[in-house]
2 protein chains.
Amino acid sequence: MPYRAPIGDYQFLFDHVVDFAQVAATERFAEATPDMTFAILTEAAKMCEEVLAPLQRAGDQQGAVLEGGVVRTTPGFAQGYRAIAAGGWIGISAPQEHGGMGLPLALATAVGEMMGSACLSLQLCPLLSQGQIEALDHHASPEIKALYLPRLISGDWIGTMNLTEPQAGSDVGALRTTATSNGDGTYAVTGQKIFISWGDADFAENVCHLVLARLPDGAPGTKGISLFLVPRNLPDENGAPGARNSLRVVSLEHKMGLHGSPTAVMEYDGATGWLVGAPHKGMAAMFTMMNNARLGVGVQGVSAAEGAFQQALAYAQERRQGRTPLGEGAIIDHADVRRMLATMRAETFAARAIALSCAVSADMQHATGDEAWAARAAFLTPIAKAYGTDTGVNVASLGIQVHGGMGFIEETGAAQYLRDVRVTAIYEGTNGIQAMDLVARKMMDGGEAAWRLLEEIEQTAESARTGLPHLAEPVWNAAESLREATEFLLTQEMNDRFAGAVPFLAAWARVLGAHFHLKAALAGGSVRARLAEVFITRLLPDYTAHLAHARTGAAGLYALSAEDLAG
Amino acid sequence: MPYRAPIGDYQFLFDHVVDFAQVAATERFAEATPDMTFAILTEAAKMCEEVLAPLQRAGDQQGAVLEGGVVRTTPGFAQGYRAIAAGGWIGISAPQEHGGMGLPLALATAVGEMMGSACLSLQLCPLLSQGQIEALDHHASPEIKALYLPRLISGDWIGTMNLTEPQAGSDVGALRTTATSNGDGTYAVTGQKIFISWGDADFAENVCHLVLARLPDGAPGTKGISLFLVPRNLPDENGAPGARNSLRVVSLEHKMGLHGSPTAVMEYDGATGWLVGAPHKGMAAMFTMMNNARLGVGVQGVSAAEGAFQQALAYAQERRQGRTPLGEGAIIDHADVRRMLATMRAETFAARAIALSCAVSADMQHATGDEAWAARAAFLTPIAKAYGTDTGVNVASLGIQVHGGMGFIEETGAAQYLRDVRVTAIYEGTNGIQAMDLVARKMMDGGEAAWRLLEEIEQTAESARTGLPHLAEPVWNAAESLREATEFLLTQEMNDRFAGAVPFLAAWARVLGAHFHLKAALAGGSVRARLAEVFITRLLPDYTAHLAHARTGAAGLYALSAEDLAG
């Protein structure tokens, strides 16, 4: 069941749905011509299909292990990683002055999706380096940039993010890791961090940890946190990895999935680190980086959805059971199987469109500095993250269902997609946190980004009214209901918003998905219109239930105590 | 995180929601007095909490293995199984003349749920024996009954169901296993069967396989299938297990979960078997048994949901992250966490009520012979199966989410619930098959059972109109919409019904769940009313989307070819 990168979908989305041309029309991204874009997608696809996809199963069956303090990665991962690095894919959107390609995030997003479909546990490694590259590029000193960025971009060194501690998960502000000045411009970092993805790897010449810690004069909570760069090996005067730093991998977690990605407990024992950004401003630095990392994780959901869909489709075209309404065909000709496959495809397309649209907004923000683009990127990020990963989970579960009993057998590979992707709804901020971010921080300005998006959706519906009235009408109605619900939510107390945040975000995803499907139908001919019809007639109606739920408020929940719930 | 059996919920449901008193009022089940019921539930709860629950994790970590042709079960499972057998729980609803307790299926359902919460992979073993006991009781000769039933009921012997073959999964009629007469009243059974749960166990004195096979003069398809009883050891003249039969476990599957339950590939090589029921009537015999087995699997979903809920609730009461709206409390005081927990509890209650109501209907059918009860039991069975198992999957996934990052770590135990329960949406007829059963076979009579249920729902809404108008109104409206949609579906071609069968079943589950919650609210005071409010205001609204989807028909799906879907 070989993976085939959906290049046609990316190009169609770029050309007709997310208006990639406006990105390529900016001075900053002038290199991203259609020819260049096609070449990039084709080249990345080739590597994903030929080099990475064959590693997917091994990553599950022979996960990373800790041996003598070193993380031994899955056989083949070193070669796979080197192919990613050699292709320049780690630095695809990194600054050219440090060796990156400087291409749009939208393109990096498509490439990231492909790599994730091919081998999700390995793809997480460059995804983390990309986050670190962005953080250093924005916040580090020129010296640190000059030393670290070329090595991270080339892939010789890898990067990690160290936020979580046992008592500080979603509440980062509760962290206890400390940093004290060594008096020579460096700091001694001490503490334990958990859930550190790719905390070490035998194929990495060096591992650079971005660690959140508190300086002695740091206030309690998130306001007193600073960010430090703590390399596994201290660079010598030539920038080569030198003496071991005082840090170690204590253990690796046994996880439900993503076994190929080592999840480390890290111990820092006076490890030497360098401050990144201003003292006590670590959270701000983290947040810059986190928005794109969140998009990246949302894309991991799309990756798993696409992989699961391709495998289920192939199985359904081959497996024969019973007489179908179309005769002696395969199970794809049974209505319920086709419903599942069409749902998988329509959801995956919607999640991909939302992710790419978010990336385009970020690209326009970076290219133009326009605040409206920044607001849109910020608004779409939690939706892309939560809906992308929920779609990964739901589509992977449907993929198991399409396989019937074979779906539960590990050799089939369908179950791995679900086991691997499940964590994406949790890490980089749980999907509940994403939804709370949407209804709080992302609407602090009164919802400017929401109103602009709703206007666009209504314009799309308006322009489809003549040609595709049966699709235009429900999208228009949904946008109106969503506008009313958004207005209503803004009048509510924050905790009432929080109580309905998850269904509210889900409603936004439904309406945005319908919008992008409708744009596709307008531009793309009959097949796109029929896929849009699946989404708009069968899936979009969920928004009414989500909005009813979103409006319900918190009181009813708090009326039930823990004892009441226990029954 | 010790499991506590929800005895209070069962008793409340019996007394106020599913009218168990009418069962106890029949002559057949006169023994099921309130005292007897309480004693049974208490005794079973004690065993589940103390003996079975401690085996749950071991069943995952040290799954069954095949060694020298024998299935070695998880350490401790033999003792756990003997406790189940010694308590008489295998024969709780089996005929008294053969050593069973002869109690109502509703009571057996509650006990089965408890056992499944405590240790799902072990509980599957007696569940299969119960199915076999029922099949033999209805269809076997007096000699076979006398020989096998006491030994199955005592638990000395265990029973399995052998339907599936590599080319015959959902399409049982495609099976190739053959049976030829040995001329002495026995048959020689030859063929390969797959996905045979508990195909062997080192703790079983004998394993009795019910095998579907085709006689030489059997027609192709399901009409030419016969049912055979094929024991692992041939009983000697004293009924003791004698010579090995010509059958063997070829291999065990590597599964996503339920590792403690051995899933065998079985090979029959001229194995000696006895015909059960009439020649070529094997499917009819299987169907008798399958309805209750389907309910039993639906209950497995409730089991997992309850277990996952209890664990998540305990974690949320203990884990502290951030300041909550109620102050420095645990994460249960965050609105989104409470939303998840309230959803888990409300869904689990609804699924339990539907399962128990289905069981009560079957009990009334058996006690009174009334066709209306039979029709209701038949109608509720696919709903109990599909919604019960979907609830298991969804609630277990929410349980992971409540745990945050810890939910992805296997030691936590939250992930096991999801991995274990996932197969219940597939085996014993996929949930898609259940939904097709609902819209086809279960409405062949024009939907009598549906109309009677809708009348009851409307009566409940009517009687709640004064005291609980905010809950009565939405339930009434939902019942009206469901009636219209059901009427509409009955006018549709079968494949159009099939295309919307899954969302149609989901809508029925939503409305039935709301109905039972409303009954609970009417009878049970303020806590029950608040839980009902969670279900009715937050979850019930899904029915509108489900019904819109259910009405969409098949054409739009078949307008997309496999190539269109591939994109």
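I began with residues 161–269 of chain A, which are 0% helix and 49% strand. The end C-alpha atoms of this span lie 17 Å apart. The model I'm reading is a predicted one. For a label I turned to UniProt, where an unreviewed entry places "domain: Acyl-CoA oxidase/dehydrogenase middle" at residues 161–269 of chain A.

Next I looked up residues 281–441 of chain A, and here the chain is 75% helix and 0% strand. Its end C-alpha atoms are 18 Å apart. The UniProt annotation for these residues, again from an unreviewed entry, reads "domain: Acyl-CoA dehydrogenase/oxidase C-terminal".

Then I moved to residues 453–560 of chain A, a span that is 85% helix and 0% strand. I noted 37 Å between its end C-alpha atoms. UniProt calls this one "domain: Acetyl-CoA dehydrogenase-like C-terminal" (unreviewed entry).

**A helix pair in chain A**

I picked out helix α6 (residues 105–118) and helix α7 (residues 120–139) of chain A, which pack at an angle of about 145° with their axes 6 Å apart. The crossing of α6(A) past α7(A) is right-handed. On the α6(A) side I found G112(A), M115(A) and G116(A) making the contact, and on the α7(A) side L120(A), Q123(A) and L127(A). Sorted by class, the contact has 3 nonpolar, 3 polar and no charged residues.

**Where the chains meet**

How many residues of chain A are in contact with chain B? I noted 73 residues of chain A touching 73 residues of chain B. Helix α17 (residues 501–539) of chain A gives the largest share of chain A's side, 9 residues. By class, that side has 36 nonpolar, 21 polar and 16 charged residues.

I also checked how the copies are related. Chain A superposes on chain B by a rotation of 180° with 0.0 Å of shift along its axis, at an RMSD of 0.0 Å. The two copies are therefore related as by a two-fold rotation axis. Since 100% of the interface residues of chain A are also interface residues in chain B, the copies meet through the same surface.

**Helix α12 of chain B**

Is this helix enclosed or open? I went through helix α12 (residues 414–421) of chain B and found 8 of its 8 residues buried, so the helix is largely enclosed by the rest of the structure. Among the buried ones are Q416(B), R419(B) and D420(B), along with Y417(B) and L418(B). The buried residues of α12(B) pack against α4 (56–61), α7 (120–139), α9 (282–318) and α11 (371–402) of chain B.

**Loop residues in chain B**

I stopped at two residues with positive phi that aren't glycine. L258(B) has a phi of about 55° and sits in the loop between β10 (247–252) and β11 (263–276) of chain B. L258(B) is buried, because 27 other C-beta atoms lie within 10 Å and 20 or more are enough to count.

E428(B) has a phi near 60°, and I found E428(B) in the loop between α12 and α13 (431–439) of chain B. With 25 C-beta neighbours inside 10 Å, E428(B) is buried.

My last stop was E493(B), in the loop between α15 (469–490) and α16 (494–499) of chain B. Is E493(B) buried or exposed? E493(B) is exposed, because it has 11 other C-beta atoms within 10 Å and the cut-off for exposed is 12 or fewer. I also noted that E493(B) and G553(B) are 60 residues apart in sequence but 8.8 Å apart in space, C-alpha to C-alpha.

Note on methods: Residues numbered from 1 in each chain as written. Chains lettered and ligands numbered in written order. Predicted model: local features only at pLDDT ≥ 70, side-chain atom pairs only at ≥ 80, totals over all residues. Axes fitted to C-alpha atoms, helices over the stretch in contact; angles between N-to-C directions. Helix = DSSP H or I, 4+ residues; strand = E, 2+ residues; numbered from the N terminus. Left-handed = near helix turned anticlockwise from the far one by under 90°. Contact = placed C-beta atoms within 7 Å. Nonpolar A, V, L, I, M, F, W, Y, C, P; charged D, E, K, R; others polar. UniProt positions renumbered as here; feature names shortened; annotations may be inferred. Least-squares fit on C-alpha atoms with pLDDT ≥ 70 in both.
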